[in-house]
Amino acid sequence: MTEKVPEGHPEIDWSKWEPAGEGDVRSPCPMINALANHHILPHSGHGITKEIAVSALTSALNLSPTVATVFAAVAVTANPDKSAHYFDLNQVNKHGLIEHDVSLSRNDFLLGDNHTFNQGIFDVVMEAYGTDEKTSFESASKARYGRLAAAKKAHEEVGKDFQYGIKEFVLSYGESALLLGLLGDPKEGKIPVEFLRVLFEEERVPFKEGWRKSEKEITQGDMNHLIFKLVEANEHKAAEAKDVGFGTVHAVTTAVTGLLPTYCTIM
Ligand code: HEM
């Protein structure tokens, strides 16, 4: 079960998969956990340099080096040792850096465990897909917005501060866009719903179920397209734009286009 990868990279054997063992660490991100489970990132979850992360994301997923570098560079800053040039997967749990409220599969920071996969939260999110076999911009957007509304309500009920501004907005939409783009289809946003379950519930890349790396590199432009489509498909986009401090949907989307490429500098 191997796949050709660009020259200079070893071939990937996607059948190689084992969950974290004793002493191994994992993150709140289903994809980097899956890559560690597949031994594409260090299985221990320790000592991941920017170069290791970029090489894994570009060779295994065909994510553009520019987008991969943004995530990898920010992740390294999560290491509390400021002279270190690497991160451990559990360090990116740092709240407010990449980790944020409104995760699709984790609880929020002030409400409980913001790190570990939460089946109850994920099951509610997945209800948005109903019996659909494939995702659409509409269903993926409904899933994301439903989680936002539920998280906001849960904070209000216990009188805790809910953190959801433009940065969280960009990350939240960006993560949904990554899912659609890298698990399947950067143009139409259609991926088998089963792929989502495998990635989140098992922290495994659904190669066995038919996933194949995109032949075309997934670029910043693809990400912007996916985010715009998701925003467009959100029935509550005007209310959400207001919530994050922008008056109009147009202002939000303009901000997202401007922010994503230079995201490193604002985190
Ligand atoms: C070095 C690269 C990466 C780092 C350091 C990273 C880190 C993170 C972190 C810290 C979170 C938690 C955010 C939250 O609180 O919800 C997260 C979530 C997420 N990441 Fe990654 N990530 C990386 C790459 C990727 C890639 C390539 C994908 C592609 C599918 C991806 C997909 C996701 C998704 C879908 C979530 C949302 C999980 C949820 O809402 O429960 N990530 N990532």
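In which sense, left-handed or right-handed, does H2 pass H3 in its crossing? The legends below take up this point together with the ligand surroundings and the annotated span, all in a predicted model.

**View 1. The crossing of H2 and H3.** In answer to the opening question, the crossing in which H2 passes H3 is right-handed. The two helices, H2 and H3, pack at an angle of about 145°, and their axes lie 9 Å apart.

**View 2. Residues at the contact of H2 with H3.** From H2, the residues Lys-50, Ala-53, Val-54, Leu-57 and Thr-58 meet a set in H3 made up of Pro-65, Ala-68, Thr-69, Ala-72, Ala-73, Ala-75 and Val-76. Sorted by class, the residues of this contact of H2 with H3 comprise nine nonpolar, two polar and one charged.

**View 3. The shell around the ligand.** The ligand is surrounded by 25 residues, of which the closest are Cys-29, Met-31, Phe-71, Ser-103 and Ser-105. At least two residues of this shell are supplied by each of helix H1 (30-37), helix H2 (50-61), helix H3 (65-76) and helix H6 (166-183), and H6 provides the largest share, four residues. In terms of class, the shell around the ligand consists of 18 nonpolar, four polar and three charged residues.

Note on methods: Residues are numbered from 1 along each chain as its sequence is written. This is a predicted model: local features need pLDDT of at least 70, side-chain atom pairs count only at pLDDT 80 or more; totals for chains, interfaces and linings use all residues. A residue is near a molecule or strand if its C-beta atom, placed from the backbone, lies within 6 Å of it. Ala, Val, Leu, Ile, Met, Phe, Trp, Tyr, Cys and Pro count as nonpolar, Asp, Glu, Lys and Arg as charged, and the others, Gly among them, as polar. Axes are lines fitted to C-alpha atoms, for helices over the stretch in contact, and angles run from 0 to 180 degrees between N-to-C directions. A crossing is left-handed if the near helix is turned anticlockwise from the far one by less than a right angle, and right-handed if clockwise. Two residues are in contact if their C-beta atoms, placed from the backbone, lie within 7 Å.
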